[in-house]
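Please keep the model open beside you as you read.

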Amino acid sequence: MIDLRSDTVTKPTAEMRKAMFEAEVGDDVYIEDPTLNRLEEKAAELLGKEAALFVTSGTQGNQIAVLTHCKRGDEVILEKDSHIFYYEGGAISAFAGVQTRTIESVRGAMNPTAIEEAVRTEDIHFPETGLICLENTHNRAGGAIIPLSNMATIYKVAQEHNIPVHLDGARLFNAAVATNTPVHEFAAQTDTVQVCLSKGLGAPVGSLIAGSQSFVDKARKWRKRLGGGLRQAGILAAPALIALETMVERLAIDHEHAQILAQGLRDCDGITLENKLETNIVLVNVEQLGLTSAQFIELLKKEGVLAVSFGPYTIRFTTHYDVNRNQIDKVIDIVQSIVKNNTEKVSV
Ligand code: TLP
């Protein structure tokens with residue numbers, strides 16, 4: 001199977017598995033795991049924040065950030081297709097007891113004026129705006145990079161109103177590599193950030209959240225409350241360190257593969273490209289073929305290719321290091337033959 005469903009499917013490298021086996025460990029609830037402590041120090045340094053905390057997943061990291069920043073009854077401003085709103089099972093309402101205020105965007109970038117207009121003023125009828133969330137790269141916008149200038153303007157608005165900003169940077173390293181900008185420059189435009197280790201970077205488990213020392217101290221308590229206080233977590237930190245040390249720059253290869261894939265798919269009659277290609281996500285529309293995304297995905301699966309549906313006619317392909325150039329070429333050939341067979345069937 002050529003698995004392009006997500007970059008989450010990447011498996012740990014041989015070097016990561018060896019490091020897991022050999023990791024020096026301790027009890028992380030006592031903050032005594034030397035490998036995990038090293039990971040958190042390195043992450044804080046990379047992200048330009050005072051401290052960082054290892055969490056079990058991107059979702060847990062985002063949820064802990066919301067729980068730490070907000071109180072029950074607050075309102076959170078976030079993009080209408082953001083992962084926190086769209087894909088986290090309503091967790092911010094279920095756990096943090098906050099309500100959401102969604103904002104439209106252009107390819108994931110929200111208009112700072114629209115955000116400012118959504119900020120609540122003092123009124124007995126209104127909730128308080130507790131947090132603004134950004135996402136970079138933006139998943140549903142097809143791995144779109146939110147420009148630093150947009151983030152900076154939003155941060156300025158937030159600071160004027162004394163509202164914290166959290167960045168869901170599940171794929172922030174993709175944005176950094178694609179724009180040749182260090183991750184800390186993006187993270188400097190927000191109070192807190194979550195980055196995933198287990199997507200394109202290939203670590204088996206985990207994410208990091210980073211911010212001020214006082215944010216991380218409170219977040220650590222929320223993590224414990226949620227059952228995310230791990231013990232000998234150095235086993236997970238060891239591959240994560242390798243991910244940060246060796247897997248970042250190579251994301252450029254995934255981006256190049258996405259470009260090649262997009263070009264090949266765009267050349268197929270009846271398939272249109274939906275996103276401007278910036279990182280490792282390709283969104284295509286198959287409506288003109290007279291097929292739904294679910295039907296097309298089934299045809300792909302029969303030929304050994306996995307992808308996911310992103311809408312009734314939209315399919316997402318995500319490139320990552322477990323898919324090589326030959327496999328990308330093979331996917332293009334397979335799509336071409338599916339399209340050809342389908343066109344022949346329709347014309348008969
Ligand atoms: N996204 C997954 C699915 O949940 C959709 C994927 O395959 O892309 N923020 C963003 C922007 C994400 O894309 C994801 C995962 C997360 C947070 C959550 O990370 P995990 O899966 O570690 O909880």
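1. A word on the basis first. This is a predicted model, in which local features need pLDDT of at least 70, side-chain atom pairs count only at pLDDT 80 or more, and totals for chains, interfaces and linings use all residues. Residues are numbered from 1 along each chain as its sequence is written, and side-chain values use heavy atoms, with hydrogens and water left out.

2. Start at the ligand. It has 15 residues around it, and Ser6, Gly58, Thr59, Asp168 and Arg171 come nearest; a residue is near if one of its heavy atoms lies within 4 Å. The shell holds 7 polar, 6 charged and 2 nonpolar residues; here Ala, Val, Leu, Ile, Met, Phe, Trp, Tyr, Cys and Pro are nonpolar, Asp, Glu, Lys and Arg are charged, and the others, Gly among them, are polar. Helix H3 (residues 58–69) gives the largest share of this shell, 3 residues. Helices (H or I, at least four residues) and strands (E, at least two) are DSSP runs, numbered from the N terminus.

3. Now look at the ligand's oxygen atoms. A polar side-chain atom of Thr59 is 2.6 Å from a ligand oxygen, and a polar backbone atom of Gly58 is 2.8 Å from one. An N or O atom in the side chain of Arg171 also lies 2.8 Å from an oxygen of the ligand. Alone, the ligand exposes 510 Å², of which the protein buries 82% (Shrake-Rupley method, 1.4 Å probe; for residues, only the protein chains shown count as cover).

4. Next, turn to helix H1 (residues 14–22), where Met16, Ala19 and Met20 are buried. Buried means under 20% relative accessible area, exposed over 50%, and partly exposed in between, with a 1.4 Å probe and protein chains only. Seen down the axis, the buried residues fall within an arc of 105 degrees, so they line one face of H1; the arc is that of the directions from the helix axis to the C-beta atoms. They pack against helix H11 (234–246). Exposed Ala14, Lys18, Phe21 and Glu22 sit on the face turned away from the buried side.

5. Pro204 lies in the loop between strands E9 (192–196) and E10 (207–211). With 29% relative accessibility, Pro204 counts as partly exposed. Beyond its neighbours within four places in sequence, Pro204 is in contact (heavy atoms within 4.5 Å) with Pro12, Met16, Met20, Ser198 and Pro239.

6. Is Thr279 buried or exposed? At 0% relative accessibility, Thr279 counts as buried. A polar atom of its side chain lies 2.7 Å from the backbone oxygen of Gly143.

Key
A polar contact is a pair of N or O atoms within 3.5 Å; within protein, one must be able to donate a hydrogen and the other to accept it, and residues adjacent in sequence count only if both atoms are side-chain atoms.
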